[in-house]
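User: I am new to this structure and would like a short tour of it. Could you start with the terms that I will need?

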Amino acid sequence: MQQKKHSTSRGRSKSLYEIRKSTIQGRGVFARRRLRPGQKIIEYTGDLIPNDEADRRYDEEKMKRHHTFLFTLDDDRCIDGNVRTNDARLINHSCDPNCEAIIEDERIWIYALRNIQPGVELGYDYKYERTGGKEMEKFYVCHCGSPKCRGSIMAPAKRRKKKSAPGKRNSGTGV
Ligand SMILES: C[S@@+](CC[C@H](N)C(=O)[O-])C[C@H]1O[C@@H](n2cnc3c(N)ncnc32)[C@H](O)[C@@H]1O
Ligand SMILES: [Zn+2]
């Protein structure tokens with residue numbers, strides 16, 4: 001199933017960013033002018049497909065490291081953004097993101113989270129679902145270079161709740 005075509009201000013948004021080689025991975029998307037917090041930058045478009053079709057398109061068993069253009073829309077479907085017209089597919093992951101991806105009426109939009117100066121690479125937190133154990137960390141290794149880098153483009157590992165010692169109250173931190 002093809003994603004419906006929407007009229008967007010692609011021409012206008014194209015002047016907001018440029019695509020070039022990234023030190024993070026492959027190509028990346030960089031601000032061309034100053035972007036403001038909350039500014040809508042670009043839509044993540046592509047084919048709206050069910051998860052089993054995504055598994056057919058991207059065989060992770062055959063990959064040395066994770067590399068796809070899939071964006072999860074809900075439990076059953078995702079958008080395969082690997083279409084030439086979708087510049088947002090080239091936005092890399094950052095553990096200290098200056099952008100966020102928001103789903104609105106089944107469309108995915110990238111917004112600025114803070115002031116972004118011209119020349120700065122755009123990044124949002126992919127938060128890929130954790131699969132497998134520790135051995136998968138290498139497959140999803142992160143090169144965002146941030147001092148806050150958690151080492152992985154997967155979502156942070158859920159920390160287990162500490163059991164309170166008998167007679168003591170939990171600290172309330174939830175960890
Ligand atoms: C949607 S593509 C992003 C564009 C990519 N740079 C390119 O040129 O194709 C997503 C893939 O890029 C790579 N990637 C993105 N951010 C990364 C990061 N912070 N560290 C390592 N690899 C990253 C991963 O292989 C990921 O599966
Ligand atoms: Zn990182």
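Analyst: A residue is called buried if 20 or more other C-beta atoms lie within 10 Å of its own, exposed if 12 or fewer do, and partly exposed in between, with C-beta atoms placed from the backbone. By that rule, 24% of the 175 residues of the protein chain count as buried. This is a predicted model, in which local features need pLDDT of at least 70, side-chain atom pairs count only at pLDDT 80 or more, and totals for chains, interfaces and linings use all residues. Residues are numbered from 1 along each chain as its sequence is written, while chains are lettered from A and ligands numbered from 1 in the order in which they are written.

User: How many helices and strands are there in the protein chain?

Analyst: The protein chain has two helices and 10 strands. Helices (H or I, at least four residues) and strands (E, at least two) are DSSP runs, numbered from the N terminus. Along the sequence the pattern reads α-β-β-β-β-α-β-β-β-β-β-β.

User: Which strands form the open sheet, and in what order?

Analyst: The order is β4-β6-β5, and the pairing is antiparallel. Two strands pair if DSSP finds at least two bridges between them. β4 (47–50) and β5 (70–72) are at the edges with a single partner strand each, so one side of each has no neighbour in the sheet. Three bridges join β5 to β6 (residues 77–80), and Leu-70 has Asp-80 as its bridge partner in β6.

User: Which strands does β9 pair with?

Analyst: β9 runs antiparallel to β3, joined by four bridges, with Trp-109 as the bridge partner of Glu-43. β9 also pairs with β8 (residues 99–104) in the antiparallel sense, over six bridges, and Ala-101 stands opposite Ile-110 there. β8 and β9 make a hairpin with two residues between them, and Asp-105 in the turn has a positive phi of about 50°.

User: How many residues are in the largest nonpolar core?

Analyst: That core has 22 residues, and those with the most contacts inside it are Tyr-17, Ile-41, Ile-91, Cys-99, Ile-110 and Leu-122. A nonpolar core is a set of buried Ala, Val, Leu, Ile, Met, Phe, Trp, Tyr and Cys residues joined through C-beta atoms within 7 Å. Another core, of five residues, lies apart from it and includes Tyr-126 and Cys-142.

User: Where is Asp-87, and why does it count as buried?

Analyst: Asp-87 is in the loop between β6 and β7. Asp-87 is buried because 22 other C-beta atoms lie within 10 Å. Leaving aside neighbours within four places in sequence, Asp-87 is in contact (C-beta atoms, placed from the backbone, within 7 Å) with Ile-19, Val-29 and Ile-42.

User: Finally, which residues are closest to ligand 1?

Analyst: The closest are Gln-25, Gly-26, His-67, Asn-92 and His-93, among 19 residues that surround ligand 1; a residue is near a molecule if its C-beta atom, placed from the backbone, lies within 6 Å of it. β2 (27–31) and β7 (92–93) each supply at least two residues of this shell.

Methods. Two residues are in contact if their C-beta atoms, placed from the backbone, lie within 7 Å.
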